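Student: I would like to learn how to read a structure like this one. Could we go through it feature by feature?

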Amino acid sequence: MVSTTDSALEQDLYRAVFRQAAVGIARVAPDGTWIEVNQRLCEIVGYDEQELRARTFQDITHPDDLDADMTLVKKTLTGEIDTYSMEKRYLDKAGNVVWVNLTVSLVRDHAGAPRYFISIIEDTTARKHAEQQKREADEQLRLLVEHAPTALAMFDRHMRYVVVSARWTDDYDLHGKDIIGRRLDEIASDLPLVWRTAHSRALAGEVIRTEEYRFDRKDGTVQWLRWVVRPWHTASGEIGGIIVVTEDVTDKKIAYEQLRHLAHHDTLTGLPNRRLLNQRLMQSIKHAQRRQQHVAVLFVDIDHFKHINDGLGHETGDHVLKDIGQRLTHAVRDEDSVARISGDEFVVLLESVPCLDNVLPVADKLVRCFSDPVRAGEREIRVTASIGVSIFPQDGHNAAQLLRNADAAMYSAKSGGRDQYRFYSRHMTDLAIERLFYANAMQDALRQSEFSVAYQPQVELSSGRLVGMEALIRWRHATRGNIPPSVFIPFAEQNGMIRKINHWILHTVCTQGARWLASGMLFGRIAVNISGPQIEDGHFVDQVVRILDETGLPADRLEMELTESLVMRHTSTGFQQLQALRDLGVQIAIDDFGTGYSSLSYLKQLPVDKLKIDQSFVHDIPDHSDDNAITEAIIALANALDMQVIAEGIETDAQMRFLCDKGCNLAQGFLFSRPLSAADMTALCGTAGTLWHTGTNDGVPTLPVQH
Ligand code: C2E
Ligand code: MG
Ligand code: MG
């Protein structure tokens, strides 16, 4: 309730404010007649003071707003409210709409009867117009964006969709999704990182053009898109968000890819050309350097290709080249490359080769690629190739060197008679030749019975009694003579022949053991050496069970020797196999113990019965204090773990005495006997059992030490 004052000073102040106010002010009678109006109000509604005072506010109020105003007037008069504000329209003298903000207060007399209203009227027409225009402009913009022929979207600062074009909805399969107001990353969870960085850069004012990205559409087609991301500004000039425009560059990309392919590939075979090969080679050298691996370059040159071309025509020549290209490609892994670098020259690049042994089988395979003739219509054409191999880093440190040296090796393969491969380094070539020899020779050896087994006695020192023997393979090759197992077993392990060879040994040994057992010979156990690929093959135990069954040898007559390094590989298959063997009753010994960095805690868990002290330690006892100490430590360890311990390679009395003193009661070595053929072993043992004079079994007849 506004109170009136009679004070003259206040009257003057009121008059001054009333006249000079920048807003319209009026006193209005309870019936709506304008009693007093200021200049500003006259300007707002276009009437002069007199004209206005001849009217009521109802006369100049827009008919659509009259009811609302009258309701509030009534509420004020009845005392329900003291004052009100509203936005309303007048019609000015010329009939134009004038928007105003109206604030009305009622002044009452002392008795509380209404005297007049004080109305304050602020002209908001200009602001209203501006708002209206903006709304219309926004609507226009929205329509413009929605119907834009490109895929574009507007986002606010928080990456929420503001508006998108229909193309955008199409391109990103967003039909039926309510996306406006939702964050982009809610809708596209696998948002490329480029988006996030582009978003924050654009918000900082930058315009970003991204690289092109592959986009797999639901219908299976592939699109290549790239985005232009730029900020948009609010009316006050701040960055309100970003606008993203998608450019479909699929056609450009396809054209570019085709060009690139042409520039990097050989048109006849479709294989990479020299340029691409060089790039890949340089890249793989970098990778290999980082990972400390090898890279192999195999230079393949078709032998006498000129004859094919000249004799059978270029068309046939082309056909041969294509065929060879395919064969080479099939012969290598997907990550390797086959390139055609000129007429009849191909290069195979083996990337990330962890170990040199991986190169040989590939070289072999490439040579074998040529074993079937190439078919050209009715004709069958025999083709061979010469292959030169160079290896990073030993044969060259850069692409050019490696290619040059592979080329040189290829020439050496040519001069060596063609249809073969040669390594750039002599050593590798020798090794490769050896491997090839062994791969073939071992097959023949099995077929032609060149293998045999020798048995070396194992003696109990306290009694001089024969308690067991170790079966050792022997190979008498037709031209090379005796080949020691330490030479051929590693080759057999690499080329897989070891499985067949070991099966043969086990079978032979078990048959012999069963025969000795039947004849009443007392030989204890026979130990067989087992190698890695066997124990890691899940079927090994089944194989042993089958052989024991077939031959009739009881499992407790068999012992298996595994080298320490093999046992310590910790493979779970290996562990299970050992456990299963032991459950059968087969005894397990660790061969060459002391050389393989055993983990003691692991050793404790292993299903192992016996440690075999490596002969390198035995060799220098008792004169070498380190070896003495190691040997003693192994004996103590075996005792502590409740395992048996045997020393091998004993050649002298002094060695035997030392071991016996330190508590090693089992022994094997030339001092007692060299490995013997089965027949010699039978003769040595007879049926009464064999005794050696060990000095510790006094009173026992001394038998000659076997040589
Ligand atoms: P190993 O299992 O440690 O076998 C002991 C080697 O020491 C045998 O050599 C044996 O002849 C030799 N030897 C025995 N007593 C003495 C001695 O007093 N002085 C010296 N200097 N040497 C002695 P061999 O037969 O040449 O075998 C070498 C290795 O080849 C074996 O070492 C074993 O690792 C492997 N091997 C032998 N036969 C087989 C087999 O049938 N299968 C498998 N997987 N490996 C075998
Ligand atoms: Mg052994
Ligand atoms: Mg050994």
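Student: Is tyrosine 161 buried or exposed?

Tutor: Keep in mind that this is a predicted model. A residue counts as buried when its relative accessible area is under 20%. Tyrosine 161 has a relative accessible area of 4%, so this residue is buried.

Student: Which aromatic pair does tyrosine 161 form?

Tutor: For two rings, look at the distance between their centres and the angle between their planes; an angle over 60 degrees counts as edge-to-face. A search of the whole structure finds 16 aromatic pairs. One of them joins tyrosine 161 and tryptophan 168, with 6.4 Å centre to centre and 80° between the planes, which makes it edge-to-face. Tryptophan 168 is also buried, at 1% relative accessibility.

Student: How are the rings of phenylalanine 451 and tryptophan 475 placed?

Tutor: Their centres are 5.3 Å apart and their planes stand at 50°, so this pair is tilted. Phenylalanine 451 belongs to strand β19 (residues 451-460) and tryptophan 475 to strand β20 (residues 465-477), so the pair ties together parts 24 residues apart in sequence. Phenylalanine 451 counts as buried at 5% relative accessibility, and tryptophan 475 does at 1%.

Student: Which residues form one aromatic cluster?

Tutor: The cluster is made of Phe437, Tyr438, Phe451, Trp475, Phe488, Phe491 and Trp504. One of these rings, that of phenylalanine 437, has arginine 480 over its face, at 3.7 Å from the ring centre. Elsewhere, the charged end of lysine 128 sits over the ring of tryptophan 99, 4.6 Å from its centre.

Student: Which residue bridges the magnesium ion (ligand 3) and the magnesium ion (ligand 2)?

Tutor: Aspartate 591 does, and the two ions lie 4.1 Å apart. The magnesium ion (ligand 3) is coordinated by Asp591 (OD), Asp592 (OD) and Glu648 (OE), at 2.0 to 2.4 Å. These donor residues are spaced D-D-x55-E in sequence. Aspartate 592 in strand β24 and glutamate 648 in the loop between β26 (644-647) and α26 (653-662) link distant parts of the chain, 56 residues apart. Aspartate 592 is partly exposed, with a relative accessible area of 24%, while glutamate 648 is buried, with 6%.

Student: Which residues of helix α27 are buried?

Tutor: First, the general idea: an α-helix has 3.6 residues a turn, so residues three or four places apart point the same way. In helix α27 (residues 678-685), Ala678, Met681, Leu684 and Cys685 are buried. Viewed down the axis of α27, these buried residues fall within an arc of 120°, so they line one face of the helix. Ala679 and Ala683, on the other side of α27, are exposed.

Student: What do the buried residues of α27 pack against?

Tutor: They pack against β19, β20 and α18 (498-518).

Definitions and conventions
Residues are numbered from 1 along each chain as its sequence is written. Chains are lettered from A and ligands numbered from 1 in the order in which they are written. This is a predicted model: local features need pLDDT of at least 70, side-chain atom pairs count only at pLDDT 80 or more; totals for chains, interfaces and linings use all residues. Side-chain values use heavy atoms; hydrogens and water are left out. Rings of Phe, Tyr and Trp (its six-membered ring) pair if their centres lie within 6.5 Å; planes under 30 degrees apart count as stacked, over 60 as edge-to-face and the rest as tilted. Buried means under 20% relative accessible area, exposed over 50%, partly exposed in between (1.4 Å probe, protein chains only). Helices (H or I, at least four residues) and strands (E, at least two) are DSSP runs, numbered from the N terminus. A charge sits over a ring if NZ of Lys or CZ of Arg is within 6 Å of the ring centre and within 35 degrees of the ring normal. Donors are N, O and S atoms within 2.8 Å of the metal (3.2 Å for Na, K and Ca); water is not among the atoms, so sites may look incomplete. The arc is that of the directions from the helix axis to the C-beta atoms. Contact means heavy atoms within 4.5 Å.
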